[in-house]
Amino acid sequence: MPQNEDVRFTSSSIKLPLLSPSPLHHHTQNPLHLIVQYFPKFPHAFHQNLNPKGGILQTLSKFPYPFHQKFNPKNAILQFLRKPRNINPFSWNLSNTPLCCASIALAQSNLDDSLTPSSGPKTGSGNEERVLISEVLVRNKDGEELERKDLESEALNALKACRPNSALTVREVQEDVHRIVASGYFCSCMPVAVDTRDGIRLVFQVEPNQEFHGLVCEGANVLPARFIEDSFRDGCGKIVNIKRIDEIISSINGWYMERGLFGAVSGIEMLSGGMIRLEVSEAEVNNIAIRFLDRTGEPTVGKTRPETILRQLTTKKGQVYSMLQGKRDVDTVLAMGIMEDVSIIPQPAGDTGKVDLVMNVVERKSGGGISAGGGISSGITSGPLAGLIGSCAIYHKNLFGRNQKLNLSLERGQIDSIFRINYTDPWIEGDDKRTSRSIMIQNSRTPGTLVHNQPDGSLTIGRVTAGIEYSRPFRPKWNGTAGIIFQRAGARDDKGSPIIRDYYSSPLTASGNTHDDMLLAKLETVYTGSGDPGSSVFVFNMDQGLPVWSEWLVFNRVNARARKGLVLGPMRLLLSFSGGHVVGNFPPHEAFAIGGTNSVRGYEEGAVGSGRSYVVGCGEISFPLMGPVEGAVFADYGTDLGSGPSVPGDPAGPRRKPGSGYGCGVGIRVDSPLGPLRLEYAFNDQRTGRLEYGADSFKSRQSFAIEGGVFAMVFCSIFFIVAGA
């Protein structure tokens, strides 16, 4: 294909004055009017003669909400940008151009004069007369032979009825005229009947289109120039083909459609010298307004500040409006947790070619309240309550109308207890990086059995924690967190008295006191894929002890977790990896516990090892069984890399933890109304089995071992209920 050095591509947002109509020219009166024609089919459809100032605004004001929380953007975009039948400027003009109509009228006049009843037999039916044609030729508008024989062939190939030695009617001749024009290579066609010695000669006098030598594109601010260049490059130096231009217009409109953008080709014109002027209309956002509605749809006064909502939107003034971007903005506002319903209505901003956006929001009845619930604590496998936890919370989700959240919660179980006060500002005012701030105070008591299993009674770790964290997205799907956390931690026996050594006389604190104090600088990076259960996830965090006070602990702890899902036909392969290491003087109860549902299944919680370092790898293949039920086959391996003895007091040694081990087994998964549930049976390299039940999550699997048949019966009941549904 020859290079296009002669093709000139320019892009300008300047609107040229309306030129005089030409056979290959079409221009819309209002650029937004053409784009609005691509809206979904709403009850009040647009009419061709609709007044842009009155009718469009009146019609748009009655639209249903195109962006509802259950809105399907794909279908709406297809409806929004579906190409009308007569949207092609070239084909529309050619079928209605005055030149074409005049040519047909002249041809009919000539035929009527030449094809009299005496010059041929009446072979037609009704009022139509058929005339015998002896010869059919294609000539230029001056009656001379065409310089390009390929164009003559194109015109002859387009003929259907007009053949030498055939009897024709005027209607059939007119239809062949339209076929020649519809081939795309000619801007006019005039049939002329000539009486000759051998009979009537039918001559189609055609005017070919110009050769394409350059392009001027206006108004395409977001459409890549390379896309336009590639679309027109094949036609350089060739006769302009209207059908090819129609395909290019469709591809340009399709580019906007795929991205949900309010844009379309609104005008095209053939200039002298083989230049084509292409005009693209892109509807920019003129203004964004927030309108508060009650549940009946009537306007009301909102509690949330409008600027709190507006800063959540990625759609800004001056941008070309995107339906997909608008849908994401709706989801973002709903994710704030303070709105019951959100919708966006686009409206033309007068005759400016821009669009105004009105976001209708329905706030929840109350921003605060009281909640209660329950859960299961990992690591509690015995006792009458078997690790059950009850919880209650007092919360407010929209302090001062700024979407700031305050939460006071209490969790209480057989051994566990957590009292927590948490204040979160999801977006600090005045910050343009979407930085959030969280302040936390917590008093907790958790089991110490993961590292220091006590044969003579329970042991708990009490922690008083306070800190502040800042978090912000720094790349798509990446989020970073930094903070400062103070913690005081110590061990207590079953009576609540502080202790400094366990049953095997191993120290329970690093400082030798009844508690350890530490000030930790926290850094965390999180990558989240699509959010599906099989999507990729990566988490890396680091804690660094700061020696602000001489008695405070100084250590560095790093931990990383990764997960990757692969689809293998009907099956899904899920691979996960985790590892970590601690350097410095750290509390022994902070050692990495290996074993259990969170790492190596088939072992009890923390039964594989308690190390300064660890590596755990898991592989699982899941496959559908019936309905929401899936089967799974898995294998896990974990090791402390020989770091168990380096933990202060070596708590793993007296408890005969092997330091490494593997487990494998089978299980089923149920996507129930209560969330993703799982039932697994795993056996380890010590040839002991373990039946486990829990709720699946990458960051933390809440689960416990089944000591009896009660929970198995509960799970089976849920299984059959869901499967039956």
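User: Leaving aside neighbours within four places in sequence, what is Ser-166 in contact with?

Analyst: In this predicted model, Ser-166 contacts Val-131, Leu-132, Ile-133 and Ala-161, once its neighbours within four places in sequence are set aside.

User: Is Ser-166 buried or exposed?

Analyst: Ser-166 has a relative accessible area of 15%. Buried means under 20%, so Ser-166 counts as buried.

User: And which strand is Ser-166 found in?

Analyst: Ser-166 belongs to strand β4.

User: What sheet is β4 part of?

Analyst: An open sheet of 4 strands, with the order β4-β3-β6-β5 and mixed pairing. β4 (166-168) and β5 (186-196) are its edge strands, and each of them pairs on one side only. From one strand to the next, the twist averages 45°.

User: How many bridges join β3 to β4?

Analyst: There are 3 bridges between β3, which covers residues 131-140, and β4, and the two strands run antiparallel. Within β4, Leu-168 stands opposite Val-131.

User: Which helix lies across β3?

Analyst: Helix α6, residues 149-158, lies across β3, β5 and β6 (199-208). The helix runs at about 150° to β3.

User: Next topic. How many residues are in the largest nonpolar core?

Analyst: That core has 23 residues. Cys-162, Ile-180, Cys-189, Leu-202, Phe-204 and Val-206 are those with the most contacts inside it. Two or more residues each come from β3, α6, α7 (170-182), β5 and β6.

User: What does Val-206 touch?

Analyst: Not counting residues up to four places away in sequence, Val-206 touches Val-138, Arg-139, Asn-140, Lys-141, Leu-146, Ile-180, Phe-186, Ser-188 and Cys-189. Among them, Ile-180 and Cys-189 were also listed with the most contacts inside the core.

User: Different part now. At what angle do α8 and α9 cross?

Analyst: Helix α8 (residues 225-233) and helix α9 (residues 242-258) have axes that cross at roughly 160° and come within 10 Å. Angles over 145 degrees count as roughly antiparallel, so α8 and α9 are roughly antiparallel to each other.

User: Is the crossing left-handed or right-handed?

Analyst: α8 passes α9 in a right-handed crossing.

User: Which residues meet there?

Analyst: From α8, Phe-227, Ser-231 and Phe-232 take part. They meet Arg-244, Ile-245, Ile-248, Ser-251, Ile-252 and Trp-255 in α9.

User: Back to sheets. What is the strand order in the one with β10?

Analyst: The order is β10-β12-β11, in an open sheet of 3 strands with mixed pairing. The edges are β10 (285-292) and β11 (339-348). Each has a single partner strand, so one side of each has no neighbour in the sheet. Here the twist averages 20° from one strand to the next.

User: How many bridges pair β11 and β12?

Analyst: β11 and β12 (residues 355-363) are paired over 9 bridges, in the antiparallel sense.

User: Which helix lies across β11 and β12?

Analyst: That is helix α11, residues 323-335, running at about 155° to β11.

User: Last one: how many helices and strands are in the chain?

Analyst: The chain has 12 helices and 32 strands. Of its 725 residues, 46% are buried. Among contacts between residues at least 6 apart in sequence, 61% join residues at least 24 apart.

Technical notes:
Residues are numbered from 1 along each chain as its sequence is written. This is a predicted model: local features need pLDDT of at least 70, side-chain atom pairs count only at pLDDT 80 or more; totals for chains, interfaces and linings use all residues. Side-chain values use heavy atoms; hydrogens and water are left out. Two strands pair if DSSP finds at least two bridges between them. Axes are lines fitted to C-alpha atoms, for helices over the stretch in contact, and angles run from 0 to 180 degrees between N-to-C directions. Contact means heavy atoms within 4.5 Å. A nonpolar core is a set of buried Ala, Val, Leu, Ile, Met, Phe, Trp, Tyr and Cys residues joined through side-chain atoms within 4.5 Å. Buried means under 20% relative accessible area, exposed over 50%, partly exposed in between (1.4 Å probe, protein chains only). Angles under 35 degrees count as roughly parallel, over 145 as roughly antiparallel, 65 to 115 as roughly perpendicular and the rest as oblique. A crossing is left-handed if the near helix is turned anticlockwise from the far one by less than a right angle, and right-handed if clockwise.
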